[in-house]
Amino acid sequence: MTTLLDSFVRSHIPSSAEALRGEVKAFLRSWMADRPAHVRARSWSGFDAAFSRALGERGWIGLTLPRDHGGGGADAFTRFVLVEELLAAGAPVAAHWIADRQSAPLILHYGTEAQREHFLPRICKGEMYFCIGMSEPNAGSDLASVRTRAVRDGDDWLLSGQKIWTTYAHKSHYMIALVRTSGGPQDRQAGLSQFLVDLSLPGIDIRPIADLTGDAHFNEVFFDEVRLPADALVGTEGAGWAQVNAELAFERSGPERIYSSIVLLDAWVRHLANLPNAAEHEARLGLLLARMAVLRDMSIAVTARLAAGESPATEAALIKDLGTELEQDIPREIGEALAADPSAPPDEELLRTLAFVSQVNPAFSLRGGTREILRGMIARGLGLR
Ligand SMILES: Cc1cc2nc3c(=O)[nH]c(=O)nc-3n(C[C@H](O)[C@H](O)[C@H](O)COP(=O)(O)OP(=O)(O)OC[C@H]3O[C@@H](n4cnc5c(N)ncnc54)[C@H](O)[C@@H]3O)c2cc1C
């Protein structure tokens with residue numbers, strides 16, 4: 001009998017994948033040297049097109065895609081090493097992040113050969129960016145109730161409606177949008193399809209929304225009878241629900257749900273290193289590091305399942321839930337530690353980094369699926385509901 005424990009039996013990153021780590025670290029040392037911690041803390045919401053192109057030149061975008069589509073032909077472990085080094089350094093990966101993580105695998109699996117040939121090499125070069133058009137004002141957790149609609153007009157489609165919270169829509173070339181092509185919200189999962197929407201088309205209005213920190217990285221996107229060509233449909237008409245669930249599995253299976261506060265943790269460790277009474281903080285730091293180490297091991301175990309061609313959606317949801325809890329506890333714990341030790345005031349850089357992560361962290365357990373939704377998935381995956 002297989003049990004949940006089997007999913008997390010300790011796996012190791014093979015030495016062939018570890019071989020990339022030194023090269024990535026050296027590359028990041030030169031790119032990241034003069035970037036302060038409060039900038040690096042933006043991590044995967046930091047947008048830098050030049051950085052993405054430089055990664056593309058090294059073959060580090062689309063690392064697991066087939067070589068004949070411009071990818072690196074590497075395994076999931078090699079990508080794990082690359083991604084965790086990028087996140088640990090707080091590299092500005094936002095420009096290519098969504099295309100690399102989920103749009104390209106989606107196009108590879110469900111796209112036509114012409115779509116693969118057009119999009120994948122450009123994504124791998126770090127020249128074409130994508131955003132995710134799933135959420136709508138009344139359809140966030142409940143995606144089956146999306147109302148944005150595409151209707152046939154000759155060979156074309158006319159797209160009308162609204163998406164919201166669309167990360168970097170204002171800087172992306174394409175959105176992969178989940179929309180209704182038949183029926184109504186009462187039909188739930190039936191009648192949904194996915195489209196590759198060229199965001200430069202007439203009839204599209206993109207309006208940035210500022211978050212608590214004052215950054216404006218996500219948007220409202222309005223479609224007013226946007227004319228899409230027949231080949232904008234990706235995959236099968238009406239099969240959007242199955243496709244979007246596969247896409248969400250790509251989104252949740254990486255190591256990025258552990259490391260969102262790691263730049264802050266690093267900055268605090270450097271602060272502690274200068275304190276005569278650092279030992280007083282050992283227990284607090286040790287607990288955070290122990291949790292991170294366990295989650296990292298669990299994430300490597302999930303990577304092993306991906307490398308074996310499986311789709312460990314329940315385990316990925318479990319890691320995201322526990323991972324975001326840790327990411328949210330880190331700023332709270334550090335804030336408490338600093339407040340409890342007024343004899344050792346932190347430098348301005350640590351304070352700015354703490355302020356940023358404290359303001360942004362409530363979003364960690366919303367983006368990519370809320371805590372309640374993930375726990376529902378875990379319960380279902382375990383056969384509890
Ligand atoms: C930083 C950030 C970036 C994002 N980027 C994107 C993006 O690029 N593209 C995109 O499409 N979306 C994006 N989102 C949207 C995100 O996916 C949604 O916010 C999320 O899915 C929740 O949807 P909602 O905001 O409509 O909340 P709702 O679904 O209205 O949920 C409100 C509350 O009710 C709870 N709830 C809802 N349903 C249930 C249920 N059945 N059982 C128990 N509790 C429930 C939720 O857990 C939540 O606490 C982003 C969000 C954030 C914060």
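The centres of domain 1 and domain 2, taken over C-alpha atoms, are 25 Å apart. This is a predicted model, in which local features need pLDDT of at least 70, side-chain atom pairs count only at pLDDT 80 or more, and totals for chains, interfaces and linings use all residues. Residues are numbered from 1 along each chain as its sequence is written, and side-chain values use heavy atoms, with hydrogens and water left out.

**Domains**
- The protein divides into domain 1 (4–129), domain 2 (132–239) and domain 3 (243–381). These bounds come from an automatic or database domain assignment.

**Where domain 1 meets domain 2**
- Contact joins 18 residues of domain 1 to 17 residues of domain 2 (heavy atoms within 4.5 Å).
- The two domains bury about 1400 Å² between them, 65% of it on carbon and sulfur atoms. Buried area is the accessible area (1.4 Å probe) that two parts lose on being put together, summed over both.
- On the domain 1 side, Phe47, Gln115 and Tyr129 lose the most area to domain 2, together 34% of what that side buries.
- There is 1 salt bridge between domain 1 and domain 2 (a side-chain nitrogen of Lys or Arg within 4 Å of a carboxyl oxygen of Asp or Glu).
- Arginine 42 and aspartate 215 meet through their side chains in a salt bridge, at 2.9 Å from N to O.

**The ligand**
- A polar side-chain atom of serine 141 sits 2.6 Å from an oxygen atom of the ligand.
- A backbone N or O atom of serine 135 is 2.7 Å from a ligand oxygen atom.
- A polar backbone atom of isoleucine 132 lies 2.8 Å from a nitrogen atom of the ligand.
- Taken alone, the ligand exposes 970 Å², and the protein buries 63% of that (Shrake-Rupley method, 1.4 Å probe).

Definitions and conventions. A polar contact is a pair of N or O atoms within 3.5 Å; within protein, one must be able to donate a hydrogen and the other to accept it, and residues adjacent in sequence count only if both atoms are side-chain atoms.
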